[in-house]
Amino acid sequence: MRWLTIFVFIVSLEATCFGWGQGHRKIREWAVARLPEWQRAWIGEEHLKRLCVDYKSLQDMHAGGKSPHLDPYCVVPGARLSLHDVNGPEVSARANLWYLERIADCLQRGETDEAMKFLGVLCHWNEDPGCPSAHSSPVTEAQLKILIPPPKKMARYNYLYGAGGVADVGKYEIPEKPYRPRLLGRSRDVAALRIYQHQRLLERGAAARIVPLVQDMMHGDGTRAAAMRAEAAADNARHICDVIHTALCLAKRRFDGGTEEPGAQPLEEWLPTATGPRAPHPYYVTGFLVNQAMDAKRRLQPLAIAEGDGARPGFGTGAPFRIGYTLAPNVHRRFTAVVGLHAAAGDKGAVSFEVHANGKRIHRTKFLRASDGPVSIEADLPETPTLKLELVAVPENPADALDNLVVWGDPRLVE
């Protein structure tokens, strides 16, 4: 009997998420309460309650193949992915698109309960990476315990896993603040890509909370950890509100009641999928900086192309170096930027700026020197089943690394 009890306990752990527990319902209810009135009236309170309670964790129930009746909601045709974690950009955008289509189809047929099941899975998938837990951690449980050894009395606790972990325990509440959801796109293709990018940013924010949260739980009084759970859940709830709002707007073809994401996406707000080769000095440790630059002595500087130019958003890098992104097909039409050498670059610096799409160069500047000042570039993006965008800095003389201080200023993807 004892071994049977242990077996049942282990199986139950496999069926639970290693992130939010109580957080799923808190996040979902906070998000639903802030939907526009027309969306709440259209779906109805009963169906919205089922979204928050009955359908908050369908993929957890589906885990381990124990609930084949949930296959229609938890198995995306032709896509192998985890519905708990951030996946690759192409499969994520395709799966997001599939869920948005299923939600719209069900609602247009009047099958609201079915739509809430698909929406529930989509929400849970976007909630798990927002928890400071295994779903967002860039390191393993074992690595984290090496970095932050637990005191003896706390050694039995997991750090990253919801079952016995520290990510979603105790009492915390999401602050009751007003929020207007953001429309993440007027087409499903655009919305699918933006949902993925926002999920990645949410994961990064949750990961940044793991170390201080664990530190407070293991060696503090837990007060700061509770506050960080609430902060992470609040970030997550705003994202889920955006996801639900966007899915319903697309299904109804009605786009009022929230705010709209700009048509030109600031690339510095996205996370690259690939970088390389290893940048030369002074960037050899970091590769590139967002909204900052380095001078030759590795001192941080505002991202300015010329003296008096003023700080710009974008990237500071060395040369040679490339920053890569995988984008959904046929969503963005152009890439624009203002480029040049940083104001702190030396006289010997000379760099050509290239834009590549799927390995093919689609734009190149001449070799620019610090004296040239800011140069605007614009490149049309091809229509293609997949789109891999790379920003490439090519030095005229790689030996002049300390003078080749690059600025990709105001990088934008334009729809």
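Pro 277 is found in the loop between β4 and β5 (288–290) of this predicted model. Most residues other than glycine have a negative phi, and most peptide bonds are trans.

Asn 291, in the loop between β5 and β6 (292–294), has a phi near 60°, a positive value in a residue other than glycine. Asn 291 has a relative accessible area of 36%, so it counts as partly exposed. Arg 298 lies in the loop between β6 and β7 (300–302), and its phi is positive too, at about 65°, although Arg 298 is not a glycine. With a relative accessible area of 29%, Arg 298 is likewise partly exposed.

The next topic is the sheet. Five strands form an open sheet in the order β4-β9-β14-β11-β12, with antiparallel pairing. Its edge strands are β4 (274–276) and β12 (360–364), each of which pairs on one side only. From one strand to the next, the twist averages 20°. Strands of a sheet pair through backbone hydrogen bonds, either parallel or antiparallel.

The pairings can be followed across the sheet. Three bridges join β4 and β9 in the antiparallel sense, and Thr 275 has Ile 323 in β9 as its bridge partner. Strand β9 (residues 321–327) is mostly covered, with six of its seven residues buried. Between β9 and β14, which run antiparallel, there are seven bridges; here Gly 324 has Glu 390 in β14 as its bridge partner. Strand β14 (residues 387–395) also pairs with strand β11 (residues 351–357), in the antiparallel sense and over seven bridges. In this pairing, Ser 352 stands opposite Val 394 in β14.

Helices also pack against each other. The axes of helix α10 (residues 188–219) and helix α11 (residues 223–252) come within 9 Å and cross at roughly 170°. Because of this crossing angle, α10 is roughly antiparallel to α11. The residues of their contact divide into eleven nonpolar, six polar and seven charged.

The aromatic side chains remain. The structure holds ten aromatic pairs. In one of them, the rings of Trp 20 and Tyr 172 have their centres 6.3 Å apart and their planes at 40°, so the pair is tilted. This pair links distant parts of the chain, 152 residues apart: Trp 20 is in the loop between α1 (2–14) and α2 (22–33), and Tyr 172 is in the loop between α9 (141–147) and β1 (182–183). Both Trp 20 and Tyr 172 are buried. The rings of Trp 98 and Tyr 99 have their centres 4.9 Å apart and their planes at 85°, so this pair is edge-to-face.

The ring of Tyr 172 has the charged end of Lys 26 over it, 5.4 Å from the ring centre. In a second case, Lys 145 lies over the face of Tyr 159, at 5.3 Å from the ring centre.

Note on methods:
Residues are numbered from 1 along each chain as its sequence is written. This is a predicted model: local features need pLDDT of at least 70, side-chain atom pairs count only at pLDDT 80 or more; totals for chains, interfaces and linings use all residues. Side-chain values use heavy atoms; hydrogens and water are left out. Axes are lines fitted to C-alpha atoms, for helices over the stretch in contact, and angles run from 0 to 180 degrees between N-to-C directions. Helices (H or I, at least four residues) and strands (E, at least two) are DSSP runs, numbered from the N terminus. Angles under 35 degrees count as roughly parallel, over 145 as roughly antiparallel, 65 to 115 as roughly perpendicular and the rest as oblique. Ala, Val, Leu, Ile, Met, Phe, Trp, Tyr, Cys and Pro count as nonpolar, Asp, Glu, Lys and Arg as charged, and the others, Gly among them, as polar. Two strands pair if DSSP finds at least two bridges between them. Rings of Phe, Tyr and Trp (its six-membered ring) pair if their centres lie within 6.5 Å; planes under 30 degrees apart count as stacked, over 60 as edge-to-face and the rest as tilted. Buried means under 20% relative accessible area, exposed over 50%, partly exposed in between (1.4 Å probe, protein chains only). A charge sits over a ring if NZ of Lys or CZ of Arg is within 6 Å of the ring centre and within 35 degrees of the ring normal.
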